[in-house]
Amino acid sequence: MKKIIAFTEGDGVGKEVIPEGIKILKIIDEYTDFEFEFKEAPAGGAVWKKHGESLPEKSFETIKNSDALLFGAIGIPGLPQGVAEIAILNIRQGLDLYVNLRPIKLYEPLRDRCPLRDEFIGDGIDIYFVRENTEGLYKNIGYLKENEAQNIMHYTREGCERIIKFAFEFAKRKGHKKVTSVDKANILKPSQLWRKIFHDIGSKYPNIKIEDIYIDAFCQWLIRTPYAYQTVVTGNMFGDIISDEAAFLIGSLGMASSGNIHPNKVSMYEPIHGSAPDIAGKNIANPIGTILSVKLMMEESFQSKIGNEIENAVEEGLKEGRTIDIENPNLKTLSTKEMGDLISEKLRNKLKK
Ligand code: IPM
Ligand code: MN
C-alpha cells in the first residue's frame, strides 16, 4: 500500500521530534506492506518571517495531495500574536478536519510521574478526548478594535451532529461503556443546542451510557476521578483547554499525541506540545508525543493494527530510558534522538518476528 506522507517540522523542537516520527514510519515501511513516500510541506514562524505567510500555498497543495500529514510544532518568540498559529487553523479549516482526537493514557512505567496520588489514579487513566475542531470561537469571525474586541461562539446543527456521531462511533469501536459530554449549557446557547443533539444521538446507542458535565465542574472531576472517563466529547475552546490540563496527568505534555481528522480524508497528526523555544536546539525534547501521533495516524487514517506494536515499543522503552521531562533517577536520561532510537529498536524487534 503506497501512501504519501506530508511532513511539516515547523519551528523549535518540531525540527527535533518529527525526524523521530519519520524513523518509526520508515521501520513500518521496511517490515510491512506499507510503502511511504515523504514530502516536506514547510510552514510556521520561520516561514512567515521569510515569506510573509506561515502556510504557503505550495505547502498546502502538498498536504492536500498527500494521504496524511505529520506536523511538528510552530511558533518562534517575538512574532506578532497568531501569525504562526494561523497555519494550524488554516489546515484544520482548509481540510475540514472536524475531529480533534486527543488520547490521554498514563503508561504504567510513568505512574510515578503522574502528579496525582495513587488513590486518585485508581485503575489508571485512559481517556480519548474528542474535540470539535472547526466551529465555535475558532471560526475566526471576530474583530479587534482599539477599545473593544469580539469573537462569536457559533455552532451549527450539522457541526454538532458530525462530531457527536464520531464520538459515539469511536466509543463503540473501542468498546467504551460511556460517553461524557462537556459543555456549559447552564449559560451558553450553543451548549444548549449541543446538549440536545448529544441526547438525541446518544439515545441511538442503547449500550453506551451518556453523561453531561459542565466544563468548570469537569476540570475538577478530571483530577478527582480521571479513571472514570473513556470517551469525552466537547466543543472547540473547552477541548483546547481541558486537553492541556489532561496532558499533564500522563507525566508530561511531551507524551501527548493528537489527530486532526476528517474520516477518510487527508488528516493531520501532531504532538500537542508547542515549539518550546526554551529547550529548542538542545536535543532534549520528548519525541513520544510525535511517535504516538504516528500510532494514531496508522490507526485512524490507515486502519492498521500496528498502533498496538508502536504503543508496546513505547512502553518498553520507558522502562529503560527517559527524556529529561520524565526522567527517573534509576534509568538512563536520553536525548531526543536516543529515545527515538530506543523505541525504534523495540519496534523493529517486534516487526522482524
Ligand atoms: C492546540 C493549540 C492550537 C489551538 C493553537 C496553536 C492554534 O493550542 O492544538 O491545542 O488552540 O487549537
Ligand atoms: Mn491547545
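How many residues does α7 have, and what distance does α7 reach from its first C-alpha to its last? In this predicted model, helix α7 comprises 14 residues and reaches 20 Å between its first and last C-alpha, close to the 20 Å expected at 1.5 Å a residue. The buried residues of α7 are Pro190, Ser191, Trp194, Ile197, Phe198, Ile201 and Gly202. Because these residues cover an arc of only 125° around the axis, they lie on the same side of α7. The elements that cover the buried residues of α7 include the strands β5 (126-132), β8 (178-183), β9 and β10 (231-234), together with the helices α6 and α9 (236-249).

Phe166 and Phe170 are, moreover, both buried.

A further pair is made by Phe168 and Tyr205, whose ring centres are 5.0 Å apart and whose planes meet at 20°, so that this pair too is stacked, planes under 30 degrees apart being counted as such. Phe168 is buried, as is Tyr205. Elsewhere, one aromatic cluster is formed by Phe34, Phe36, Phe38 and Phe302.

Charged side chains are also placed over aromatic rings. Arg131 lies over the face of Tyr138, at 5.1 Å from the ring centre, while the charged end of Lys145 sits over the ring of Tyr143, 4.8 Å from the centre of that ring.

With regard to the overall arrangement, the protein chain is divided into domain 1, which consists of residues 1-98 and 263-353, and domain 2, which consists of residues 115-250. The C-alpha centres of domain 1 and domain 2 lie 25 Å apart, and the contact between them involves twelve residues of domain 1 and 17 residues of domain 2.

Terms used:
Residues are numbered from 1 along each chain as its sequence is written. Chains are lettered from A and ligands numbered from 1 in the order in which they are written. This is a predicted model: local features need pLDDT of at least 70, side-chain atom pairs count only at pLDDT 80 or more; totals for chains, interfaces and linings use all residues. Side-chain values use heavy atoms; hydrogens and water are left out. Buried means under 20% relative accessible area, exposed over 50%, partly exposed in between (1.4 Å probe, protein chains only). Rings of Phe, Tyr and Trp (its six-membered ring) pair if their centres lie within 6.5 Å; planes under 30 degrees apart count as stacked, over 60 as edge-to-face and the rest as tilted. A charge sits over a ring if NZ of Lys or CZ of Arg is within 6 Å of the ring centre and within 35 degrees of the ring normal. Helices (H or I, at least four residues) and strands (E, at least two) are DSSP runs, numbered from the N terminus. The expected span of a helix is 1.5 Å times one less than its number of residues. The arc is that of the directions from the helix axis to the C-beta atoms. Contact means heavy atoms within 4.5 Å. Domain bounds come from an automatic or database domain assignment.
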